[in-house]
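Subject: A structure for you to look at

Hi,

Here is the structure I promised to pass on. Please open it alongside this email, and my notes follow below.

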Amino acid sequence: INNRIPELSDPHVRRAMSYAIDRQAIINTVLSGYGTPANTYLSSALRGHDSSVNGAVYSIAMAKAEMAKSKYPNGLPTPITIELASGHSDRLNVAEIAQQAWAQLGIKATIKVANGNTVVADHRAGNFDTQVPFSTSDVIDPLEMTSFLVLTKHGGINSGYDNPQVYAWAAQAATETSIAAENVLLSNIQQTTTNETAFIPIAYEPDLYAYRSE
């Protein structure tokens, strides 16, 4: 979610958008059952993941209640776009599910399928409303995913999310020599980014490999 867009800068709107997404249905129908609902940006495969963060709730009633608290209780005044790269049927299916879910909140979304270079250029320029990307950890250090998904004022998914306290926790975590202390800071970041719905994690999807004896 581009947090800079006036209508999407309201945390109530973003929370409503998250509550409206049925993650388990996406896993069942789009991912053929391979995956688990993502409750936070930090995968359960990585150290520091906080399973207590309640970020995978699906409730249309709660979504509508959040919209009612927002600046736009009757829905957004203008449509938003869901942008994704061409050639990814799974991401298109996710976009279609989100489109239908958000319509129940008075959020009209149009799907924009573009070539990968255009999508990357748009996210770097902040020229998008929402996008359907994926992320993967190249290393087992949870701070890599934190940098890419959370500290995005000048890079990463470029959501424009900017909470000074979160940036301070991340800077402290990067210098911690105690894993326990670092995990506390990561938990704080996960809880805060979930409360503020900087983005909407969907699923932790395992890589699948096929092989044979020879």
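Let me start at Asn-2: setting aside neighbours within four places in sequence, Asn-2 is in contact with Leu-8, Gly-126, Phe-128, Asp-129 and Ser-159, where contact means heavy atoms within 4.5 Å. Asn-2 sits in the segment before H1 and is buried, with a relative accessible area of 1%. Buried stands for under 20% relative accessible area, exposed for over 50%, and partly exposed for what falls in between (1.4 Å probe, protein chains only). Asn-2 and Thr-130 are 128 residues apart in sequence, yet their C-alpha atoms are 5.9 Å apart in space.

Before going on, a word on the ground rules. This is a predicted model, with residues numbered from 1 along each chain as its sequence is written. Local features need pLDDT of at least 70, side-chain atom pairs count only at pLDDT 80 or more, totals for chains, interfaces and linings use all residues, and side-chain values use heavy atoms, with hydrogens and water left out. Helices (H or I, at least four residues) and strands (E, at least two) are DSSP runs, numbered from the N terminus.

The sheet

Three strands make up an open sheet in the order S3-S2-S4, with parallel pairing; two strands pair if DSSP finds at least two bridges between them. Strand S3 (109-114) and strand S4 (130-131) are at the edges with a single partner strand each, so one side of each has no neighbour in the sheet. S2 and S3 run parallel and are joined by six bridges, and Ile-80 has Ala-109 as its bridge partner in S3. Strand S2 (residues 80-85) also pairs with S4 in the parallel sense, over two bridges. There, Ile-82 stands opposite Thr-130 in S4. Helix H5 (residues 116-125) packs on the sheet and touches S2, S3 and S4, its direction making about 130° with that of S2. That angle is taken between N-to-C directions on a scale from 0 to 180 degrees, with axes as lines fitted to C-alpha atoms, for helices over the stretch in contact. Five of the six residues of S2 are buried, so S2 is largely enclosed by the rest of the structure.

The cores

A nonpolar core here is a set of buried Ala, Val, Leu, Ile, Met, Phe, Trp, Tyr and Cys residues joined through side-chain atoms within 4.5 Å. Which members of the largest one, with its 32 residues, touch the most other members? They are Val-13, Met-17, Trp-102, Leu-105 and Ile-107. Helix H1 (11-19), helix H2 (23-29), helix H3 (60-69), S2 and helix H4 (89-103) each supply at least two residues of this core, and the largest share, five residues, comes from H4. Beyond its neighbours within four places in sequence, Val-13 is in contact with Glu-7, Leu-8, Met-67, Ser-70, Tyr-72, Leu-76 and Ile-107. Apart from this core lies another, of 18 residues, among them Val-150, Trp-169, Ile-189 and Ala-198.

Ala-198 lies in the loop between H8 and S5 and is buried, at a relative accessible area of 0%. Not counting residues up to four places away in sequence, Ala-198 touches Ile-1, Asn-3, Arg-14, Ser-159, Tyr-161 and Thr-193. Ala-198 and Arg-15 are 183 residues apart in sequence and 8.9 Å apart in space, C-alpha to C-alpha.

Two residues with positive phi

Most residues other than glycine have a negative phi. Thr-197, in the loop between H8 and strand S5 (203-204), has a phi near 45° and counts as buried at 4% relative accessibility. Asn-158 has a phi near 55°; Asn-158 lies in the loop between helix H6 (142-149) and helix H7 (164-175) and is buried, with a relative accessible area of 5%.

Gly-156 is in the loop between H6 and H7 too, but is partly exposed, with a relative accessible area of 25%. Leaving aside neighbours within four places in sequence, Gly-156 is in contact with His-123 and Phe-148.

Happy to hear what you make of this.

Best wishes
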